[in-house]
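Q: Could we go through the strands and helices of this model together?

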Amino acid sequence: MREVGVPHPRLPLPESGERDDPQLFLAWLGDAIPMVEQLGIREMRREGERLVWELALVPNLNDKGTGFGGALTAQTTLLGWCWTTLWLRQRGHARDVVVAEARQRFLAPVTGDYRLTCEPESGQGLETLAERLASRGRGRIALVQQLWCGDTLCLEAHGDYAVLPAS
């Protein structure tokens, strides 16, 4: 059981330039953030610069039998945190990431299993983050997350994620 105020041990960094094994990272994430085990994440994968989760609806149902907005919001926020953390880890940085701002727009009810995607909001986002990390030791990136149920876009979220200075 996790203790309040005690940081969870970091996952060892992957080999230089390599990406984390998705299943190993998800297992660590479930230990680090206990609620992750209840989110219904079935798969995590990369598609270029996009991070994708496949999720089951049943653990995230609301009283109407559709996706619970609070759970979906938590998932979009966590996916952005994962995207930023994994990007840093691939570059050899074990750094703390926090969400600085998040907003969501619900477009349609989620009525079945779904997928969440996350990628930089702008083409310059990665370059700007890399430059700020090199020059200031910290940085920020704007990400967009989309929730798809089949071919229907049900939720679009935007978040700014801050990379904190090394401690």
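Predicted model: local features only at pLDDT ≥ 70, side-chain atom pairs only at ≥ 80, totals over all residues.

Q: In what order do the 6 strands of the open sheet come?
A: The order is E1-E2-E4-E5-E6-E3, with antiparallel pairing.

Q: And which strands stand at the edges?
A: Strand E1 (41-47) and strand E3 (97-106) do; each has a single partner strand, so one side of each lacks a neighbour in the sheet.

Q: What does the twist average from one strand to the next?
A: The twist averages 20 degrees.

Q: How many bridges join E3 to E6?
A: There are 9 bridges between these antiparallel strands, and Val99 stands opposite Tyr161 in E6.

Q: Turning to the helices, which strands does H2 touch?
A: Helix H2 (residues 69-90) packs on the sheet and touches E1, E2, E3, E4, E5 and E6. The direction of H2 makes about 140 degrees with that of E3.

Q: What about H3, which strands does that helix touch?
A: Helix H3 (residues 125-136) also packs on the sheet, in contact with E4, E5 and E6. The angle between the directions of H3 and E5 is about 145 degrees.

Q: Back to E5: how many of its residues are buried?
A: In strand E5 (residues 139-149), 8 of the 11 residues are buried.

Q: How many bridges does E5 form with E4, and how many with E6?
A: E5 pairs with E4 over 6 bridges and with E6 over 11 bridges. Val144 in E5 is the bridge partner of Glu119, while Leu143 stands opposite Gly159 in E6.

Q: What lies between E5 and E6?
A: The two strands form a hairpin with 2 residues between them, and Gly150 in the turn has a positive phi of about 65 degrees.

Notes. Residues numbered from 1 in each chain as written. Heavy atoms only, no water. Buried < 20%, exposed > 50% of the residue type's maximum accessible area, 1.4 Å probe, protein only. Helix = DSSP H or I, 4+ residues; strand = E, 2+ residues; numbered from the N terminus. Pairing = 2+ DSSP bridges. Axes fitted to C-alpha atoms, helices over the stretch in contact; angles between N-to-C directions. Contact = heavy atoms within 4.5 Å.
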